[in-house]
Amino acid sequence: MTSCASAAATGVVIAAVRDRTPAARAGLRPGDRIVAIDGEPLRDIIDFHFHAGREQLRLSLERGGKKRGAVLRRAGPDLGLELEAP
């Protein structure tokens with residue numbers, strides 16, 4: 001059971017998206033779970049920050065039980081999103 005529980009907890013959940021930011025332009029919403037960046041799976045917020053430094057990020061996410069993709073183009077240091085605490 002441990003592997004199922006940890007698989008369900010992978011990725012990071014978006015808590016908030018600020019208007020007129022790269023995250024808003026990419027169509028991200030609170031509640032989305034980002035599970036990978038550029039094909040690299042995310043285990044936690046540390047993985048997110050490690051992979052999120054690029055200028056363009058191909059995100060794999062889950063919204064409402066469905067898998068989606070999004071492209072986030074960085075326009076400075078702030079992506080415009082807040083992540084839920086682990």
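**Salt bridges first.** I began with a network of salt bridges linking Arg 18, Asp 78 and Glu 82. For a salt bridge I required a side-chain nitrogen of Lys or Arg within 4 Å of a carboxyl oxygen of Asp or Glu. Between Asp 78 and Arg 18 the closest N and O atoms are 2.7 Å apart. This pair links distant parts of the chain, 60 residues apart: Asp 78 is in the loop between β5 and β6, and Arg 18 in the loop between β1 and α2. I took helices (H or I, at least four residues) and strands (E, at least two) from DSSP runs, numbered from the N terminus. My search of the whole structure found six salt bridges.

**Ground rules.** I am reading a predicted model, where local features need pLDDT of at least 70 and side-chain atom pairs count only at pLDDT 80 or more, while totals for chains, interfaces and linings use all residues. Residues are numbered from 1 along each chain as its sequence is written, and side-chain values use heavy atoms, with hydrogens and water left out.

**Accessibility.** I called a residue buried under 20% relative accessible area, exposed over 50% and partly exposed in between (1.4 Å probe, protein chains only). Asp 78, at 41%, is partly exposed, and so is Arg 18, at 30%.

**A buried pair.** Next I checked Arg 63 and Asp 32, which form a salt bridge with the closest N and O atoms 2.8 Å apart. Arg 63 sits in strand β4 and Asp 32 in the loop between α2 and β2, so the pair ties together parts 31 residues apart in sequence. Are these two buried or exposed? Both Arg 63 and Asp 32 are buried, Asp 32 at 1% relative accessibility. Beyond four places in sequence, Asp 32 has contacts (heavy atoms within 4.5 Å) that include Val 12, Ile 14 and Leu 61.

**Another bridge.** I also found Asp 38 and Arg 54 joined by a salt bridge of 2.9 Å, N to O. Arg 54 counts as partly exposed, at 38%. Arg 54 is also among the residues that Ile 37 touches, as are Phe 48 and Leu 59.

**Confidence check.** On pLDDT (the predictor's confidence in each residue, from 0 to 100), the protein averages 89, and 90% of the residues score at least 70. Strand β1 has the highest mean, 98, and helix α1 (residues 2-8) the lowest, 43. Over residues 1-7, pLDDT stays under 50 and I saw zero contacts beyond four places in sequence. Where pLDDT is low, predicted coordinates should not be read in detail.
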